[in-house]
Protein chains: 2
Amino acid sequence: MKKITIGEAARTSGVKVPTIRYYEGIGLLRQPSRSEGNQRSYEQSDLNRLTFIRHARELGFEVEAIRTLLSLQDNPLQSCASADAIAKARLVEVEQRIRSLMALKAELEMMVEGCGHGRVDQCRVIEVLADHAQCMHHGH
Amino acid sequence: MKKITIGEAARTSGVKVPTIRYYEGIGLLRQPSRSEGNQRSYEQSDLNRLTFIRHARELGFEVEAIRTLLSLQDNPLQSCASADAIAKARLVEVEQRIRSLMALKAELEMMVEGCGHGRVDQCRVIEVLADHAQCMHHGH
DNA sequence: TCTTGCACCTCTAGTCGCTAGAGGATGTAG
DNA sequence: CTACATCCTCTAGCGACTAGAGGTGCAAGA
């Protein structure tokens, strides 16, 4: 049971020190025990939880979703239907975002290719922005 | 020269009323003339500008980038090199974001497919989050 | 003319997920 | 014992809005 400082926890988990304190503040992470000089002292389980959180954030889950996922992890005997639903919802979001970004990519490419590198009044970048009707993709 | 209220401007441009006032506050939009009763009164050129802004925001340009793009539009005789650079930078961002989202999509699909719809302790969604080593994609 | 009711006004504060900085205490290596 | 890194709490700021309070303007129907 060696004591882990917040700095070590940050290095091991990849979550920055102020962010760890922030997670404690919003209740994602329990309040750790303290040293005599009032410094936070973590255990291995806290590091696991931090890694879980970091990974979930990287996957784009919102803090509220992570709160639910963590409570599921804490109660492993219950149904994983909620976890499944949360992940599926996130998957749908990601797919939509990809589709929308592909459309943007096409439009930006058109703008950049159409730029004659001359004066602004002949520039397609500005022109396309000014006149939405010129877009190929009207979905947005 | 009919007077256009902020509500009409919102409906025509697709930018919400408080957002129009916000844009005025941060100097993206000029201060319009006012009616006797102190209500904002817009002209066609304001609507064009609002549409330009909305379109640029939809393409994911930040407000500071839009500020530059608008100043280019206001001075059509200068070189469009900046507009080109801004659009190219945005294109690179979008391409990176797409790549990263594709990796997330793959990982989320793996999680969702692996969910046995049973109890949490057999659920891959939670498992993968808890143990990053199980990811196929370590880029994140 | 009056009243109803919507649209407008200003202002402040809240959203999300952190991040930065001030000002001070603690812990460790030389 | 003295540096110096690391820790503590607290408040404020970021971007791009959004929500709400509390009040005024204006057009149409009774």
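**Figure 1. The buried residues of helix 1 of chain A pack against helix 2, strand 2 (40–41) and helix 3 of that chain.** This close-up, like the others here, shows a predicted model. Which residues of helix 1 of chain A are buried? They are I6(A), A9(A) and S13(A). These residues span an arc of only 55° around the axis, and so they sit on the same side of helix 1 of chain A.

**Figure 2. N38(A) has a positive phi although it is not a glycine.** The phi value of N38(A) is near 70°. To find N38(A), look in the loop that links strand 1 (33–34) and strand 2 of chain A. Is N38(A) buried or exposed? N38(A) is exposed, with 6 other C-beta atoms within 10 Å. Now turn to chain B, where N38(B) also has a phi near 70°, again a positive value in a residue other than glycine. N38(B) lies in the loop between strand 1 (33–34) and strand 2 (40–41) of chain B. N38(B) is exposed, with 6 other C-beta atoms within 10 Å.

**Figure 3. Chain A can be superposed on chain B by a rotation of 180°.** The shift along the rotation axis is 0.0 Å, and the RMSD is 0.2 Å. This is the relation of a two-fold axis. Which C-alpha of chain A is nearest the axis? It belongs to I98(A), and it lies 2.9 Å from the axis.

**Figure 4. The contact between the chains takes 50 residues from chain A and 50 residues from chain B.** On the side of chain A that touches chain B, two or more residues come from each of helix 3 (44–58), helix 4 (63–74), helix 5 (81–114) and helix 6 (124–130) of chain A. Helix 5 of chain A gives the most to this side, with 20 residues. Sorted by class, the side of chain A that touches chain B has 27 nonpolar, 12 polar and 11 charged residues. Of the interface residues of chain A, 100% are also interface residues in chain B, so the copies meet through the same surface.

**Figure 5. Chain A is assigned two stretches, domain 1 (1–78) and domain 2 (84–140).** How many Å separate the centres of domain 1 and domain 2 of chain A? Taken over C-alpha atoms, the separation is 38 Å.

**Figure 6. Around DNA strand C there are 20 residues.** Those that come nearest are G37(A), E62(A), V63(A), G7(B) and R40(B). Helix 2 of chain A gives the most, with three residues. The surface near DNA strand C divides into five nonpolar, nine polar and six charged residues.

**Figure 7. DNA strand D is surrounded by 20 residues.** The closest are G7(A), R40(A), G37(B), E62(B) and V63(B). At least two residues of the surface near DNA strand D come from each of helix 1 (6–13) of chain A, helix 2 of chain A and helix 2 of chain B. Which helix has the largest share of this surface? Helix 2 of chain B does, with three residues. The residues near DNA strand D comprise five nonpolar, nine polar and six charged.

Methods
Residues numbered from 1 in each chain as written. Chains lettered and ligands numbered in written order. Predicted model: local features only at pLDDT ≥ 70, side-chain atom pairs only at ≥ 80, totals over all residues. Least-squares fit on C-alpha atoms with pLDDT ≥ 70 in both. Contact = placed C-beta atoms within 7 Å. Domains from an automatic or database assignment. Near = placed C-beta within 6 Å. Helix = DSSP H or I, 4+ residues; strand = E, 2+ residues; numbered from the N terminus. Nonpolar A, V, L, I, M, F, W, Y, C, P; charged D, E, K, R; others polar. Buried ≥ 20, exposed ≤ 12 C-beta atoms within 10 Å, placed from the backbone. Arc of directions from axis to C-beta.
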